[in-house]
Amino acid sequence: MSFGKVLVEPRDDSAFPERRPLDGALSRRINADPEGVEKGLAQLVLTIVELLRQLMERQALHRVQLGTLSEEEIERMGETFMALAQRMDELKEQFGLDDRDLNLDLGPLGTLL
Amino acid sequence: MIYVYAITDAMEVHDGPSGLDGGDVQAIEHEGIAGVFSTHDELEVSSDPELLWAHERVVDHLMDHGAVLPLRFGSVLRDPEALRVILDEDGARFRLLLSRVRGCVELAVRVGLTSSEPGTLAGGRDYMRERLAARQREEDAADRVLAPLRPLARATAHRPVQAGNTTVSESYLVPRGAVEPFAAEVRALQAQNPGLSISCTGPWGPYSFVDGGGR
Amino acid sequence: MSPHPRRTSPGPESRPPPRDSRPPSARLQKDIALIDLLDRLLDGGVVLAGDITLAVADVDLVYVGLRALVSSVAAAERQGVPLPR
């Protein structure tokens, strides 16, 4: 099935940044054993936060492009997004998680990427 | 529970592939449009490639027989009656969307660009400005490289890839008969742009053109 | 609906391979097909799902419409269909 869907094969996979983390990430389950519960929960929460952060940032950029925001609102949103991104980095470090770990399978919600 | 694949005006949903977990594909009809589903006692809906391809196989088969609005993966309802109620309440919107996609398939094109690093940023507005500039660079690249493809499609939809990325991803709603000329044009674009990596996959169901009329 | 044996449709494998002078890179093709499929299945298609409003710095940004399960119950109640409690 998959081969028939490629009409024009690319030179390389540079247009597919998801390709590397994809291995093994698709069927990854949230770690539910007692030792891993805290890390598993952190993994889940951070994945959702990252998903929402990207979604909101995308929407905010759209509003900026439309010109419907005041300078003050843009400044405040930018500060918030920067702070969110920084906090995400800190939390990831705290729990020993990297971007690959956040590419979780959330069932019907799909994967982060 | 039922797992829902698509909404269609095709009246032939049988004699096609089975659905997720080998489930029989069935349809419930309401005033000329049908909801296509399979029934399960239990179904673990995960991003397992087997399940994803099973969903798409059902959608592809339906597209051979009529206009199709594919559902997002993982759509589960209580029973066929719940689906019939949706067909009743949203019938007008579905009919409009069906007419928009009739006779067409979706083709996916990606372009890989060279990356650029953001500099250090002084404050909120600088951050937003840099993100916006990166976004505009992507859109400019898309416009320039992919412009010849737009006239071959009934509609175009930009698909965002990861934040801060260097990839352009576009969807095109293309009449079936125009698929091969479209692919030929993509090959030509690749030949003309040796520094870029361009791909085209499909035909897919018109996923990018059915919720709110395209992104 | 009469029962019928489960079988898959002929499928795209029966189509001739893409007209390309390079030998096919099977793994690359498989991965990019899956990624483009995922992109569509998980982020596209008709949505039968939920209402959330997300706000950042007091600016409302995202509204996702919530419907199906709620509406099916509401519609059933309107029609006087008894529902299990």
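Helices (H or I, at least four residues) and strands (E, at least two) are DSSP runs, numbered from the N terminus.

**Entry 1. Ground rules.**
I am working on a predicted model, where local features need pLDDT of at least 70, side-chain atom pairs count only at pLDDT 80 or more, and totals for chains, interfaces and linings use all residues. Residues are numbered from 1 along each chain as its sequence is written, while chains are lettered from A and ligands numbered from 1 in the order in which they are written.

**Entry 2**
I started with B:Thr156 and looked for its bridge partner in β8(B). The partner is B:Tyr172. B:Ala155 has B:Leu173 as its bridge partner in β8(B). Overall, β7(B) pairs with β8(B), residues 167–175, in the antiparallel sense over five bridges.

**Entry 2. β6(B) and its two partners.**
Next I followed β8(B) to β6(B). These two strands are antiparallel and share nine bridges. B:Val105 stands opposite B:Val174. B:Tyr172 turned up again, here as the bridge partner of B:Leu107. I then checked β6(B) against β9(B) and found six bridges, again antiparallel. B:Glu106 stands opposite B:Trp204 there.

How many residues of β6(B) are buried? I count a residue as buried if 20 or more other C-beta atoms lie within 10 Å of its own, exposed if 12 or fewer, and partly exposed in between, with C-beta atoms placed from the backbone. Nine of the nine residues of β6(B) are buried. Both faces are covered: one has B:Cys104, B:Glu106, B:Ala108, B:Arg110 and B:Gly112, and the other has B:Val105, B:Leu107, B:Val109 and B:Val111. In β8(B), eight of nine residues are buried.

I put the strands in order. The open sheet has five, running β1(A)-β9(B)-β6(B)-β8(B)-β7(B), with antiparallel pairing. β1 (6–8) of chain A and β7 (155–159) of chain B stand at the edges with a single partner strand each, so one side of each is left without a neighbour in the sheet. Neighbouring strands are turned by 25 degrees against each other on average, direction ignored. For angles I use lines fitted to C-alpha atoms as axes, for helices over the stretch in contact; angles run from 0 to 180 degrees between N-to-C directions.

The chain A strand joins through β9(B), with two antiparallel bridges. I noted A:Val8, whose bridge partner is B:Cys200.

**Entry 3. Chain B overall.**
I listed the elements of chain B: five helices and nine strands. Of its 215 residues, 46% count as buried. For contacts I require that the C-beta atoms of two residues, placed from the backbone, lie within 7 Å. Among chain B contacts with a separation of 6 or more, 75% link residues 24 or more positions apart.

**Entry 4. Cores.**
My core rule is a set of buried Ala, Val, Leu, Ile, Met, Phe, Trp, Tyr and Cys residues joined through C-beta atoms within 7 Å. The largest nonpolar core has 74 residues; B:Val4, B:Ala6, B:Val36 and B:Leu62 are among those with the most contacts inside it. Domain 1 (2–101) and domain 2 (104–209) of chain B both give residues to this core, so it lies between them. I took the domain bounds from an automatic or database domain assignment.

Leaving out residues up to four places away in sequence, its contacts include B:Val59, B:Val68 and B:Pro70. A second, separate core of nine residues includes A:Met56, A:Leu61, A:Met77 and B:Tyr127.

**Entry 5. Chain contacts.**
The contact between chains A and B takes 35 residues from chain A and 36 residues from chain B. Which element gives the largest share of the chain A side? It is α3(A), with eight residues.

Notes. Pairing = 2+ DSSP bridges.
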